[in-house]
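Please look over the model shown below, with attention to its pocket, its ring pairing and its packing. The briefing that follows takes these topics in turn.

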Amino acid sequence: MRVTIFTEHNASMDGEEALKSYPEGMNACLKSFIEEAGHDVTMIVHDKDDDGSALTEEILKNTDVLLWWGHWYHGSVNPSVVETVVDYVCLLYTSPRPRD
């Protein structure tokens, strides 16, 4: 399965307390957990200064499962990126595409 993780990075993730739980970082933990289950993972990390435009329609077309993992920076994602994701998800559920 092709999994895309759209996740954020914020400074609190680099703190001592967070690194006790996730020494390699939470994003790396998510990615490795899914990869160890045998899936291909594309990870896109954004922060408060990034509009999320790295999550392209091309990536979505090559995605079977999208995991939107966020906490603080949903508001920094460009509305056009959000619209593209919503359109993709709605299309996927109304007309499933054939598997490769």
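The largest pocket is lined by 13 residues, and those nearest its centre are Asn10, Ser12, Met13, Met26 and His71. A pocket here is an open set of points on a 1 Å grid over the protein atoms alone, where a 1.4 Å probe fits, with protein on both sides within 12 Å along at least five of seven lines, and lining residues have an atom within 4 Å of a point. This is a predicted model, in which local features need pLDDT of at least 70 and side-chain atom pairs count only at pLDDT 80 or more, while totals for chains, interfaces and linings use all residues. Residues are numbered from 1 along each chain as its sequence is written, and side-chain values use heavy atoms, with hydrogens and water left out.

**Pocket**
- The volume of the largest pocket is about 240 Å³, taken as the space filled by probe spheres set on the grid points, which are joined across faces, edges and corners.
- By class, its lining has seven nonpolar, five polar and one charged residues.

**Aromatic pair**
- The count comes to one aromatic pair, where rings of Phe, Tyr and Trp (its six-membered ring) pair if their centres lie within 6.5 Å, with planes under 30 degrees apart counted as stacked, over 60 as edge-to-face and the rest as tilted.
- The ring centres of Phe6 and Trp68 are 4.5 Å apart and their planes stand at 50 degrees, so the pair is tilted.
- Because Phe6 lies in strand S1 (residues 2-8) and Trp68 in strand S3 (residues 65-69), the pair ties together parts that are 62 residues apart in sequence.
- Phe6 counts as buried at 1% relative accessibility, whereas Trp68, at 28%, counts as partly exposed; buried means under 20% relative accessible area, exposed over 50% and partly exposed in between (1.4 Å probe, protein chains only).

**Nonpolar cores**
- The largest nonpolar core has eight residues, namely Phe6, Ile44, Leu55, Leu60, Val77, Val81, Val85 and Tyr88, a core being a set of buried Ala, Val, Leu, Ile, Met, Phe, Trp, Tyr and Cys residues joined through side-chain atoms within 4.5 Å.
- Helix H4 (residues 79-94) gives the most to this core, with three residues.
- Apart from this core lies another, of five residues, including Val3, Ile5, Ile34 and Val41.

**Fold**
- The protein chain has four helices and three strands, assigned as DSSP runs (helices H or I, at least four residues; strands E, at least two) and numbered from the N terminus.
- Along the sequence, the chain follows the pattern β-α-α-β-α-β-α.

Note on methods: Nonpolar A, V, L, I, M, F, W, Y, C, P; charged D, E, K, R; others polar.
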